[in-house]
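Subject: Structure handover

Hi,

Here is the structure you were waiting for. Please open it first, then read my notes below.

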Amino acid sequence: MRNIKRSFVLLLVFFCLLWWFTDQTEWSAIPNFFGWRALLMQFSGVLGIGVMSVAMVLAVRPVVFEPYLGGLDKMYRLHKWLGISGLIIALSHWLLSEAPKWLVGLGLLERPVRGARASLPDDVVQQFFLSQRSLAEGIGKWAFYAAVILMVLALVKRFPYRHFFKTHRLLAVTYLALVWHSVILLKFDYWSGPLGPVMAVLMAAGCIASVMVLFRRVAAGRQVVGEVAAVRYHEALNVMEVDIACKGRWAGHQSGQFAFLTLHEEEGPHPYTISSTWEDDGRITFIIKALGDYTRTLPERVQIGDVVKLEGPYGQFNFQGRQKRQIWIGGGIGITPFISRMKELVRKSDGKTIDLFHTTTVYDPHAIGLLENDAKAAKVRLHVLWDERDGRLNAARITELVPGWKDADIWFCGPAGFGQALKKDLIAMGFSENRFHQELFEMR
């Protein structure tokens with residue numbers, strides 16, 4: 001989280017400073033409200049299209065940024081923050097444009113006296129930009145309205161995912177319209193300053209990303225077709241295991257990584273943690289818990305022989321760290337990456353001392369037995385906590401059961417609120433925040 005918070009703040013500061021160094025307006029010489037309005041509209045326009053461009057680039061899942069941002073799950077969190085901030089900035093930009101007109105109409109603000117019409121510049125490019133201003137303003141206004149609706153739908157969790165992944169793609173169209181709006185209405189002098197080249201590169205990258213989204217070319221080189229080879233349903237846990245046999249060349253994966261799995265085209269790709277180790281045999285296993293309307297239907301809908309699509313792998317939940325001791329915490333279905341890692345450790349031990357805490361609301365003897373076998377084979381010390389019998393896991397219990405906990409790396413996968421509460425309590429007890437690794441498995 002620290003990396004994405006830092007990246008978010010640095011991006012905002014970067015765009016602000018870039019605009020400040022470029023704009024040469026003497027603030028003390030601004031004559032009236034409308035002068036300030038013009039200045040702030042340029043500033044909000046630069047800031048808005050800047051953050052939207054970065055958000056658009058992140059939407060195509062560029063794996064090159066994963067090591068710096070902590071994985072695609074963190075990258076999507078940054079994408080979401082940038083999208084929300086872009087919406088707020090765009091709303092401010094729109095209000096700066098429209099509110100003065102309302103105030104003039106109500107007689108609360110006096111319309112400025114128009115001076116003599118300025119002569120056309122000699123530069124043909126600038127003449128073209130001036131001739132397109134009215135069109136660009138209209139396009140920008142309607143694109144803003146559309147973007148507001150689409151972003152609000154994206155934030156409403158009750159809006160079905162199968163509709164979300166389709167409508168969210170339309171934001172690429174609104175972005176392209178807003179780029180045209182920004183290019184035409186950006187103060188012409190800005191293009192020759194420090195701001196111009198940076199904005200040109202960012203908007204060009206954003207446009208390329210938009211075209212990739214619209215033509216469904218996102219991560220096309222990381223996709224492979226597969227077939228359902230086996231299905232196992234654990235009724236007590238409401239969990240289904242699905243084995244996929246890849247028909248194309250899967251690049252391989254590390255334990256703890258996830259992939260986007262499309263079981264039904266109309267539902268689109270869903271992210272699931274990979275629960276199997278890669279043995280270069282083209283087989284991948286996913287453990288899927290019924291958590292929503294769609295996943296509850298999978299036991300009836302998924303059949304052996306179904307053709308599916310895989311995309312990935314993604315994620316930096318890779319159990320790498322300098323500490324000789326590790327503490328793993330898997331809440332509910334969050335146990336999945338640890339199952340994969342234990343199977344990998346059986347093949348190649350990393351020599352670390354590991355304690356695994358698995359908390360569950362439902363105790364299934366068969367599933368726990370499989371987990372105990374994996375832990376024994378990997379030489380992992382397993383702690384199973386059944387909520388009804390043992391109560392909820394907390395920081396005090398972890399520190400009591402694990403000697404040397406302050407010198408460990410902690411890897412957490414489970415409900416986000418649960419992880420944040422544990423992290424907060426452990427930090428208060430002296431644990432280093434940098435060694436608490438949490439997967440933010442929310443792609444919306």
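Arg-222 lies over the face of Tyr-314, 5.0 Å from the ring centre. The test for a charge over a ring is NZ of Lys or CZ of Arg within 6 Å of the ring centre and within 35 degrees of the ring normal. Arg-435 does likewise with Phe-431: its charged end sits over that ring, at 5.1 Å from the centre.

Some ground rules. This is a predicted model, in which local features need pLDDT of at least 70, side-chain atom pairs count only at pLDDT 80 or more, and totals for chains, interfaces and linings use all residues. Residues are numbered from 1 along each chain as its sequence is written, and side-chain values use heavy atoms, with hydrogens and water left out.

Now the aromatics. There are 30 aromatic pairs in the structure. Rings of Phe, Tyr and Trp (its six-membered ring) pair if their centres lie within 6.5 Å; planes under 30 degrees apart are stacked, over 60 edge-to-face, the rest tilted. Trp-94 and Phe-144 are stacked, at 5.6 Å centre to centre and 20° between the planes. This pair links distant parts of the chain, 50 residues apart: Trp-94 is in helix α4 (residues 72-105), Phe-144 in helix α6 (residues 133-155). Helices (H or I, at least four residues) and strands (E, at least two) are DSSP runs, numbered from the N terminus. Phe-144 is buried, at 8% relative accessibility. Buried means under 20% relative accessible area, with exposed over 50% and partly exposed in between (1.4 Å probe, protein chains only). Ring pairs also join Trp-94, Trp-102, Trp-142, Phe-144 and Tyr-145 into a cluster.

Next, Gln-438. This residue belongs to strand β11 (residues 436-438). Gln-438 is buried, with a relative accessible area of 7%. Its contacts (heavy atoms within 4.5 Å) include Asp-73, Phe-317 and Phe-412, leaving aside residues up to four places away in sequence.

Last, the sheet. Six strands form an open, antiparallel sheet in the order β4-β3-β6-β1-β2-β5. Strands pair if DSSP finds at least two bridges between them. β4 (270-273) and β5 (283-289) each have a single partner strand, so one side of each lacks a neighbour in the sheet. Strands β1 (residues 223-234) and β2 (residues 239-246) pair over eight bridges, in the antiparallel sense. His-234 has Val-239 in β2 as its bridge partner.

Best wishes
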